Amino acid sequence: MLKLEDSYLHKGQRRGLIRTLREKGIVDEAVLDAINQIPRHFFFDSALLSHAYEDKAFPIGEGQTISQPYTVAFQTSLLDIKPGEKVLEIGTGSGYQAGILYCMGANVHTVEYNKVLYERTRRFLPKIGVRVQHYWGDGSLGLPEKAPFDKIIVTAGAPLVPKTLLAQLTIGGMLVIPVGNRKTQQMLRLTRKTDKQIIRENFDNFSFVPLLGDEGWE
Ligand code: SAH
């Protein structure tokens, strides 16, 4: 299949993307290395293939998008992934972010609400050697049956921080989630210090597709 070919041209474009991400302030070498290893063009429709290494979000069907590389890099840097950590991703989408986490050695569980995307990505990721656990359902409630998690990443914009997600963190665990209105959200990192104490840090604004479901927008 021509689409799954990773040519010198693509590798060169990926190095260019890494330079752009460095210029924009991404310094985490483990994150940059994962972005350098995962061919983002594998996740693209053939019609959009030439755009795969632009630092932009693109449609993946079903009204959803693959996040901008800068956003993926920023969120993943905040998560501070260590090999072997158990990570929950809410919003599988194309599977690109899940691929980055897998590449960094995480044990990834990813939940997708849209059945078509869930099926497509669940079949696709093993073809490129990315092995993660896929779930179909409302991830705004987390994944109680697999909790607790060392890290939780939400890749859709939430109206508030779902309490259920905080309850599914280990002590020392972190939740990275964009919270705001439907158009703009502020990136938050919540660290569970003890059973009762949660530390909250605020970062830049981003624009994600809405988180749906019980703790989401509808
Ligand atoms: N991480 C993805 C980008 C995701 S776009 C990537 O790397 O490509 C956000 C995704 O969240 C969409 O696919 C959307 O269907 C999904 N989503 C929205 N609400 C959700 C919910 N409550 N649970 C799980 N997935 C949800």
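Tutor: Helices and strands here are DSSP runs numbered from the N terminus, a helix having at least four residues and a strand at least two. With those labels, P148 is found in the loop between β5 (133–136) and β6 (149–154). Please keep in mind that this is a predicted model.

Student: Ok, what kind of peptide bond joins A147 and P148?

Tutor: The bond joining A147 and P148 is a cis peptide bond, and its omega is about 5°.

Student: And where is E62, and what's its phi?

Tutor: E62 is placed in the loop between β1 and β2, and its phi is near 60°, which is a positive value in a residue other than glycine.

Student: Now the ligand. How many residues surround it, and which are the closest?

Tutor: The ligand is surrounded by 28 residues, and the closest of them are S94, E112, D138, G139 and L212. The space that the ligand takes up is the largest pocket.

Student: Which polar atoms lie by its nitrogens?

Tutor: A backbone N or O atom of G139 lies 2.8 Å from a nitrogen atom of the ligand, while for T155 a polar side-chain atom lies 3.1 Å from a ligand nitrogen. There is also Y113, where a polar backbone atom is 3.2 Å from a nitrogen atom of the ligand.

Student: How much of the ligand does the protein bury?

Tutor: Taken alone, the ligand exposes 580 Å², and the protein buries 99% of that area.

Student: What classes of residue make up the shell, and which element gives the largest share?

Tutor: The shell around the ligand has 14 polar, 11 nonpolar and three charged residues. The largest share comes from β2, with three residues, and the elements that each supply at least two are β2 (64–66), β3 (86–90), α4 (96–103) and β4 (107–112).

Student: Switching topic, how many aromatic pairs are there?

Tutor: The count comes to eight aromatic pairs. One of them is F43 with Y96, an edge-to-face pair with 5.3 Å centre to centre and 85° between the planes.

Note on methods: Residues are numbered from 1 along each chain as its sequence is written. This is a predicted model: local features need pLDDT of at least 70, side-chain atom pairs count only at pLDDT 80 or more; totals for chains, interfaces and linings use all residues. Side-chain values use heavy atoms; hydrogens and water are left out. A residue is near a molecule or strand if one of its heavy atoms lies within 4 Å of it. A polar contact is a pair of N or O atoms within 3.5 Å; within protein, one must be able to donate a hydrogen and the other to accept it, and residues adjacent in sequence count only if both atoms are side-chain atoms. Accessible areas come from the Shrake-Rupley method with a 1.4 Å probe; for residues, only the protein chains shown count as cover. On a 1 Å grid over the protein atoms alone, a cavity is a set of points where a 1.4 Å probe fits but cannot get out, and a pocket is an open set with protein on both sides within 12 Å along at least five of seven lines; lining residues have an atom within 4 Å of a point. A molecule sits in a cavity or pocket if more than half of its atoms lie within 2 Å of its grid points. Ala, Val, Leu, Ile, Met, Phe, Trp, Tyr, Cys and Pro count as nonpolar, Asp, Glu, Lys and Arg as charged, and the others, Gly among them, as polar. Rings of Phe, Tyr and Trp (its six-membered ring) pair if their centres lie within 6.5 Å; planes under 30 degrees apart count as stacked, over 60 as edge-to-face and the rest as tilted.
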